[in-house]
Amino acid sequence: IHHYQAMKVVCVSLCLLCVCVICSAQAPVTVHWPDLSQLEPDVRDQIKSQQDILISTVKDTQSTNAKLSAAYGAMGEIYHAYSLTAPARECYLNASTLDPKDFRWTYLLAKLDQQEGRVDDAIRRYRIVTSLRPELVVAFVNLGNIYLELNRLEDARSNYTSALQKD
């Protein structure tokens with residue numbers, strides 16, 4: 001009987017752990033609104049407008065993961081365009097978590113990683129992109145460029161060759 005109770009406790013604990021892992025994978029990263037006071041009025045308006053869309057989408061209980069992902073991604077693109085990289089990263093992370101099969105957000109995270117010198121993260125993310133969209137030439141080119149900078153010439157050649165074969 002004690003063995004049965006011990007197994008029951010272990011099973012319940014494992015189930016709770018699985019629920020926690022699943023929930024944490026879907027938990028959004030907090031997006032920190034940047035200070036917009038130094039930006040041009042038109043830029044500020046554009047960002048505020050997209051922030052309003054994102055807030056509305058998040059508050060809408062009918063929003064699907066794909067719709068939420070698109071809203072976070074669009075917000076990230078605007079932040080990224082104006083070099084507001086910290087909130088762009090937070091938005092892209094949310095977008096890619098909500099819709100991991102949408103290559104765009106992982107690709108843009110990889111670009112951001114590459115721009116910020118996070119080489120290992122960029123390589124990992126570009127590899128994910130090439131597995132999701134093997135026809136996307138630019139991901140292979142970007143990988144080749146990174147490997148070239150690292151003097152990993154065989155890896156660079158391999159990725160450039162892949163890009164040429166796709167083109």
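Tyr-92 is buried, with a relative accessible area of 0%, where buried stands for under 20% relative accessible area with a 1.4 Å probe and protein chains only, exposed for over 50% and partly exposed for what lies in between. The model is a predicted one, in which local features need pLDDT of at least 70 and side-chain atom pairs count only at pLDDT 80 or more, while totals for chains, interfaces and linings use all residues. Residues are numbered from 1 along each chain as its sequence is written, and side-chain values use heavy atoms, with hydrogens and water left out.

Two aromatic pairs are found in a search of the whole structure. In one of them, Tyr-92 and Trp-105 are stacked, at 6.4 Å centre to centre and with 20 degrees between the planes; rings of Phe, Tyr and Trp (its six-membered ring) pair if their centres lie within 6.5 Å, and planes under 30 degrees apart count as stacked, over 60 as edge-to-face and the rest as tilted. The pair links distant parts of the chain, since Tyr-92 belongs to helix α4 (residues 85–98) and Trp-105 to helix α5 (residues 103–115), 13 residues apart. Helices are DSSP runs (H or I, at least four residues), numbered from the N terminus. Trp-105 is also buried, with a relative accessible area of 1%.

From α5 the reader can turn to helix α7 (residues 137–149), as the axes of these two helices come within 12 Å and cross at roughly 20 degrees. The contact, meaning heavy atoms within 4.5 Å, is made by Tyr-107, Lys-111 and Gln-114 of α5 and by Val-138, Ala-139, Asn-142 and Ile-146 of α7.

Key: Axes are lines fitted to C-alpha atoms, for helices over the stretch in contact, and angles run from 0 to 180 degrees between N-to-C directions.
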